[in-house]
Amino acid sequence: MTTSKSRSIAFLGTGLMGAPMARRLLHAGFAVTVWNRNHAKAQELAGDGAVVADTPAAAVEGASVVFTMLTDGTAVEDVLFKQGAAEALDTGAVVIDSSSIAPDTAREHSSKLAERGIAHLDAPVSGGVVGAAAGTLAIMAGGDAKLIEELADVFAPLGRVTHVGPSGCGQLAKLGNQQIVAITIGAVAEAMLLVEAGGGSREAFRRAIRGGFAESRILDVHGQRMVDRDFGTAGPSKLQLKDLNNIIATADGLALALPLTQAVRAEFAEFVEHGGGETDHSGLLLQLEQKNLRSSKR
């Protein structure tokens with residue numbers, strides 16, 4: 001493989017996370033070609049020096065490294081194998097899938113690409129839009145450890161990469177991350193409901209426990225959103241639900257019982273069903289408030 005900034009990178013999927021990640025690579029000096037289903041979103045990166053392609057296949061032509069940051073496993077399957085990206089890749093290229101998908105699907109993609117002489121890493125990320133823009137993402141990589149080391153210059157502008165095991169283990173680590181995120185969001189929301197129902201201030205409560213054992217990034221960022229009741233759409237609840245569904249399916253395949261994950265999954269499912277799909281996952285507070293309101297009227 002080539003080294004340093006001479007690598008040619010294709011980035012497929014320039015939405016909330018993909019755009020700032022591609023921008024980080026561009027500002028690090030890499031040549032980057034971008035593609036997105038919504039062409040306008042890809043076009044926004046032209047001002048940063050990106051070449052904008054009309055199709056996934058056109059985007060990956062001549063690329064030595066291809067990132068995918070897409071909604072789910074079905075979208076990754078479609079872009080790589082139905083829209084011609086895999087066929088357009090040169091032998092020896094590397095696909096780095098940073099989407100959050102099921103581990104079994106990641107392994108299947110890795111096997112199909114290997115038949116074409118193309119390497120694959122499943123490397124989902126955590127850190128949100130803020131981390132993507134700042135280059136401080138936690139990157140969980142499954143696949144060949146040596147290949148990950150060889151791609152250190154590519155990962156460096158994006159954040160901290162950790163090899164967590166063979167193919168599929170990056171996705172397993174991301175599912176574990178999403179378990180912790182979802183359950184902690186639920187715990188913070190329920191604690192705020194409890195304090196406020198008893199006459200306390202949720203804002204003062206959050207300040208009081210900062211620095212104690214309950215301190216977390218969730219309490220910091222999502223807790224503040226709950227205090228302000230300003231949830232936004234940075235981490236859509238429908239995507240949190242997708243991850244929780246993948247967690248439960250994976251756990252079922254491993255004969256594991258995950259009662260806490262099951263409980264918070266049920267709340268997110270109800271929240272999404274009632275129109276909260278686009279709301280940031282910190283908005284689970286709204287679902288719990290409504291549940292208590294309904295209970296009080298019975």
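This is a predicted model: local features need pLDDT of at least 70, side-chain atom pairs count only at pLDDT 80 or more; totals for chains, interfaces and linings use all residues.

Me: What are the distance between centres and the angle between planes in the pair of Phe 11 and Phe 67?

Reply: In general, a pair of aromatic rings is described by the distance of the centres and the angle of the planes. Here the rings of Phe 11 and Phe 67 lie 5.3 Å apart, centre to centre, with 10 degrees between their planes, and the pair is classed as stacked. The pair links distant parts of the chain, since Phe 11 belongs to strand S1 and Phe 67 to strand S4, 56 residues apart. Both Phe 11 and Phe 67 are buried, and in the pairing of the strands Phe 67 of S4 is the bridge partner of Phe 11.

Me: How should I read the strands around this pair, and in which sense do S1 and S4 pair?

Reply: The general idea is that in a regular strand the side chains alternate between the two faces of the sheet. Strand S4, residues 65–68, is covered on both faces, with Val 65 and Phe 67 buried on one side and Val 66 and Thr 68 buried on the other. Strand S1, residues 8–12, pairs with S4 in the parallel sense over four bridges. Strand S5, residues 94–97, also runs parallel to S4 and is joined to S4 by four bridges, where Val 94 is the bridge partner of Val 65 and Ile 96 stands opposite Phe 67.

Me: Which residues of S5 are buried on each side, and how many bridges pair S5 with S6?

Reply: Both faces of S5 are covered, Val 94 and Ile 96 being buried on one side and Val 95 and Asp 97 on the other. S5 and S6 pair in the parallel sense over four bridges, and within that pairing Val 95 stands opposite His 120 of S6.

Me: Is His 120 buried or exposed?

Reply: With a relative accessible area of 7%, His 120 falls below the 20% cut-off and is therefore buried. Leaving aside neighbours within four places in sequence, His 120 is in contact with Val 95, Asp 97, Ala 106, His 109, Ser 110, Leu 113 and Gly 142.

Me: Which members of the largest nonpolar core touch the most other members?

Reply: As a general matter, in soluble globular proteins nonpolar side chains tend to be buried together. In this structure the largest nonpolar core has 31 residues, of which Phe 11, Leu 25, Phe 67, Ile 96 and Leu 151 touch the most other members. Several elements supply at least two residues each, including S1, S4, S5, strand S8 (137–142) and helix H8 (145–150), while helix H1 gives the most, with four residues. Beyond neighbours within four places in sequence, the contacts of Ile 96 include Val 66, Leu 121, Ala 123, Leu 151 and Phe 155.

Me: Where does Val 154 lie, and what is its relative accessible area?

Reply: Val 154 lies in helix H9 and is buried, with a relative accessible area of 0%. Setting aside neighbours within four places in sequence, Val 154 is in contact with Arg 7, Ile 9, Leu 25, Phe 30, Val 65 and Phe 67.

Me: What does His 281 touch?

Reply: His 281 is found in the loop between H14 and H15 and is buried, with a relative accessible area of 11%. Not counting residues up to four places away in sequence, His 281 touches Val 181, Ile 185, His 222, Gly 235, Ser 237, Gln 240 and Phe 268.

Note on methods
Residues are numbered from 1 along each chain as its sequence is written. Side-chain values use heavy atoms; hydrogens and water are left out. Buried means under 20% relative accessible area, exposed over 50%, partly exposed in between (1.4 Å probe, protein chains only). Two strands pair if DSSP finds at least two bridges between them. Rings of Phe, Tyr and Trp (its six-membered ring) pair if their centres lie within 6.5 Å; planes under 30 degrees apart count as stacked, over 60 as edge-to-face and the rest as tilted. A nonpolar core is a set of buried Ala, Val, Leu, Ile, Met, Phe, Trp, Tyr and Cys residues joined through side-chain atoms within 4.5 Å. Contact means heavy atoms within 4.5 Å.
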